[in-house]
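Me: I would like to learn how to read the features of a structure like this one. Can we go through it step by step?

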Amino acid sequence: GSSLFISILFSFLMPEHVSLTSIVIGIFVATILAKELFGGVGQNLFHPVLAGYAAVLALFPTEFLTQSQTEFNWRFFIWNQPPILGTGSPLLILMCGSFLIFKRLIRWENVLFYFGFAFLGFYLMRFEAQSLGWLLLIAFLFIIDSASGPITKAGRILFSTIAGLLTAAFCSWMNLYQAAASAVLISNAIVPLIDHLCVHEQ
């Protein structure tokens, strides 16, 4: 069940022409190294999908090179030919994510603080049309993970804010896809510290 879900999420992050080898290695890292070695479902320090994504980024960097698209129009917001499979329709991602928040299946503070700080920082530095779908995908599917995130509301706000700011900062020398994955994984690593600070304050 969880391994299938991880594999589906992982496929959302893949470019159109990625090799089968990259997919197999990425899913192996996500399900075996990042999830099972940490104790299985709910015990992982890092988000398994992003850990697998980071692994294939490091091993096969040329497969993840994409051409920047700086012109934005409303048609792009509704549908486009995406460089990453899961980012084809920012509008659809926003609608589905908003429904999950409405049904209280995910927490709004994670989405709002990550997307707000990441998008603002990225927009001020160098906006690319491709950024919108990717940031929404990270905000609605990865930042909200409870297993690799803080346990308190204050902790979740701090975690999401740090991840958003790091995403924007890393874009000064990485592409957006590398920046967002790295930012979330680094933020995952400091979750025990965030929990300690926020629980102690309460």
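Reply: Start with how the elements are named: helices and strands are runs in the DSSP assignment, numbered from the N terminus. The model is a predicted one. Along the sequence, the chain reads α-α-α-α-α-α-α-α-α-α.

Me: How many helices and how many strands are in the chain?

Reply: The chain has 10 helices and 0 strands. Of its 202 residues, 46% are buried. Among contacts with a separation of 6 or more, 73% are between residues 24 or more positions apart.

Me: How is the packing of two helices described?

Reply: Two packed helices are described by the angle between their axes and by the distance between those axes. Take helix α1 (residues 2-12) and helix α2 (residues 20-33): the angle is about 135 degrees and the axes are 10 Å apart. α1 and α2 are therefore oblique to each other. The crossing of α1 past α2 is right-handed.

Me: Which residues of α1 and α2 make the contact?

Reply: From α1 the contact uses S3, I6, S7 and F10, and from α2 it uses S22, I23, G26, I27, A30 and T31. By class, this contact of α1 with α2 has 5 nonpolar, 5 polar and no charged residues.

Me: At what angle do α2 and α3 pack?

Reply: α2 and α3 pack at about 140 degrees, and their axes are 7 Å apart. That makes α2 oblique to α3, since the roughly antiparallel class is kept for angles over 145. α2 passes α3 in a right-handed crossing. On the α2 side, the contact is made by S22, I25, G26, V29 and A30; on the α3 side, by P48, V49, A51, G52, A55, V56 and L59. The residues of this contact of α2 with α3 divide into 9 nonpolar, 3 polar and no charged.

Me: Which residues of α2 are buried, and what covers them?

Reply: A residue counts as buried under 20% relative accessible area. In α2, that holds for S22, G26, V29, A30 and T31. The cover over the buried residues of α2 includes α1 and α3 (48-59).

Me: How many residues of α3 are buried?

Reply: In α3, 9 of the 12 residues are buried, so the helix is largely enclosed by the rest of the structure. They are P48, V49, L50, A51, G52, Y53, A55, V56 and L57. Their cover includes α1, α2, α7 (131-141) and α9.

Me: What span should α2 have, and how far apart are its end C-alpha atoms?

Reply: At 1.5 Å a residue, the 14 residues of α2 should span 20 Å, and the end C-alpha atoms are 19 Å apart, which agrees. α3, with 12 residues, reaches 17 Å from its first C-alpha to its last, close to the expected 16 Å. Helix α9 (residues 176-189) has 14 residues and reaches 20 Å, close to the 20 Å expected.

Me: Is α9 mostly covered or mostly open?

Reply: α9 is mostly covered, with 10 of its 14 residues buried. Among them are L176, Y177, V184 and N188.

Me: What does N188 touch?

Reply: N188 sits in helix α9 and, at 1% relative accessibility, counts as buried. Leaving out residues up to four places away in sequence, N188 touches L45, F46, H47, S148 and F159.

Me: Is L120 buried or partly exposed?

Reply: L120, in helix α6 (residues 108-126), counts as partly exposed at 48% relative accessibility. L120 and G164 are 44 residues apart in sequence, and their C-alpha atoms are 9.1 Å apart in space.

Me: Where does R104 lie, and what is its phi?

Reply: R104 lies in the loop between α5 (90-102) and α6. Its phi is positive, about 60 degrees, although R104 is not a glycine. At 76% relative accessibility, R104 counts as exposed.

Key
Residues numbered from 1 in each chain as written. Predicted model: local features only at pLDDT ≥ 70, side-chain atom pairs only at ≥ 80, totals over all residues. Heavy atoms only, no water. Axes fitted to C-alpha atoms, helices over the stretch in contact; angles between N-to-C directions. Helix = DSSP H or I, 4+ residues; strand = E, 2+ residues; numbered from the N terminus. Parallel < 35°, antiparallel > 145°, perpendicular 65-115°, else oblique. Left-handed = near helix turned anticlockwise from the far one by under 90°. Contact = heavy atoms within 4.5 Å. Nonpolar A, V, L, I, M, F, W, Y, C, P; charged D, E, K, R; others polar. Expected span 1.5 Å × (residues − 1). Buried < 20%, exposed > 50% of the residue type's maximum accessible area, 1.4 Å probe, protein only.
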